[in-house]
Amino acid sequence: MSDELIQRVLAVIANTQRIPIEKLSVDSSFEELGIDSMDGVNILFALENEFDITIPDEAAKQIRNVRQMIEGVEKLLAGPAANAAPVTS
Amino acid sequence: MHRVAITGIGAISAMGRTAEEFGRTLREGRSGIGPIQSADCSGLRFHNGAEVANYDHRPYFDDKHADFIDRFAQFAVIAAREAVAGAGIEWTPELREASAIITGSCVGGQSTEDAGFLNVYKLGINRVHPLTIPKTMANAGASHISMEFGITGPSYTVSTACSSASHAIGQAYWMVRSGAVPMAITGGSEAPFSFGILKAWEALRVVSPDTCRPFSKDRNGMVLGEGGAMLVLEPLEAARARGARIHAEIVGFGMSSDACHITQPSADGAAHAMRATLCDAHLAPEQIGYINAHGTGTRANDTTETSAIRTVFGAHAERLAVSSTKSMHGHALGAAGALEALAAILGLRDGFFPPTANYNEPDPECDLDVVPNCARAAQVEYALSNSFAFGGLNAVLAFRSF
């Protein structure tokens, strides 16, 4: 995970949740951040716009924390071959 | 206070073009879900819906009439015509002047709006058809029913997302019960298959890529549906006096608001609405034999609804049959409550529990008798129909076999 990617994902989450980016870390869970299912869907939408990617529903369902979100974006950015694989390992 | 009889039923949906066809399909447990034909789904992550197969306005409306009436309102009129004809209403000027029409719709004439806005947003045509507003408005169904029959009494439309039709039917029931009106035509209609609406549902990530499997462990979301269903309600004594066929009685209506979250369901809110309905109907939980569940087939709804039913019914939950007919007619949003009320009514009238279709695997978190896949012969006296909307606005109806 590159620092740039991490910062962009954190910025998207912070903007969508309207919280200071300092409150976020790669290890934050959605629960700690008070991110519920609707917030999660909003963040996925914002990430799709930010990175011009399409996040599949099945992959989206597995995501529970910031790290999984960054890893998921990274895989999708890696290309169409990676898109077919689940976002989380 | 009057007892209230249901003397007319009408429906058009993915389960057939009439209420009786709906009943047959229901009994066979046949799902109307299939590939969406009326909208281009090539840019979508899901492709299945519960459409009125091969719908064309021509058997129902001439071209000139159809120009003025969106598909969703056409469904309202078609269902109302069947309900009124079946009820054998003998119209008098007084009855026309006093009868009510209360309909539900969530999104109104979205295909009309979509087509109009495509012009200005995308096609560079700086004009929108002048009928866009009158065709799109959610009350168009009620308005066209009133014109169809010359009814000039109180008429309006309720829009509470997925509870719209149940709120509408409940209001109509209370108006007939109290004596405010001598008759009501009530139900809901919806035609949500426009590309914009489908994209918006896709964004919510709650739509199944294949089919709707309520309460099944492998369920993966809802499937949108379209259609309309209407009931004719009148005081029981009036229905008896004129020798009308009585399909069932409507005996209770309750509402609640979750005051919790704009999309996540709340077991407390759902339980509150079911209790309010039992209270309104003067029924004990043990008297209910069947519940037509809201049962959307999403992870969240089905576990929450199970928990709410267990809270309200306690040990009696083990003896209740609970099924979701959305597995067959899809989630028809503002029409859902009307189609599901009809399923409950037909089950009471004809002595069967409608099944939950597409069911594969028990889920310990949805451990009720969900009547999997096959309808079951059973005669019970009372049934509930649950509607729990986005926005946390809940409506529950109670019916009695007659």
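How far apart do the C-alpha centres of domain 1 of chain B and domain 2 of chain B lie? I looked this up in the model, which is predicted, and found a separation of 21 Å.

**Entry 1: domains of chain B.** I took the bounds from the domain assignment, which gives 4–241 for domain 1 and 251–400 for domain 2. I then listed the contact between them: 63 residues of domain 1 of chain B meet 56 residues of domain 2 of chain B. On the domain 1 side, I noted that β1 (4–13), α1 (19–28), α8 (164–178), β6 (184–190) and β7 (227–235) of chain B each contribute at least two residues. Of these, α8(B) gives the most, with eight residues.

**Entry 2: a helix pair in chain B.** I examined helix α3 (residues 71–87) and helix α7 (residues 140–149) of chain B, whose axes come within 8 Å and cross at roughly 45°. I therefore recorded α3(B) as oblique to α7(B). The crossing of α3(B) past α7(B) is right-handed. From α3(B), I found contact residues including B:Phe72, B:Ala76, B:Val77 and B:Val84; from α7(B), they include B:His144, B:Ile145, B:Glu148 and B:Phe149. By class, the residues of this helix contact comprise nine nonpolar, two polar and two charged.

**Entry 3: chain A with chain B.** I checked the contact between the chains, to which chain B supplies eight residues and chain A seven residues. The chain B side holds four nonpolar, two polar and two charged residues.

Terms used. Residues numbered from 1 in each chain as written. Chains lettered and ligands numbered in written order. Predicted model: local features only at pLDDT ≥ 70, side-chain atom pairs only at ≥ 80, totals over all residues. Contact = placed C-beta atoms within 7 Å. Nonpolar A, V, L, I, M, F, W, Y, C, P; charged D, E, K, R; others polar. Axes fitted to C-alpha atoms, helices over the stretch in contact; angles between N-to-C directions. Helix = DSSP H or I, 4+ residues; strand = E, 2+ residues; numbered from the N terminus. Parallel < 35°, antiparallel > 145°, perpendicular 65-115°, else oblique. Left-handed = near helix turned anticlockwise from the far one by under 90°. Domains from an automatic or database assignment.
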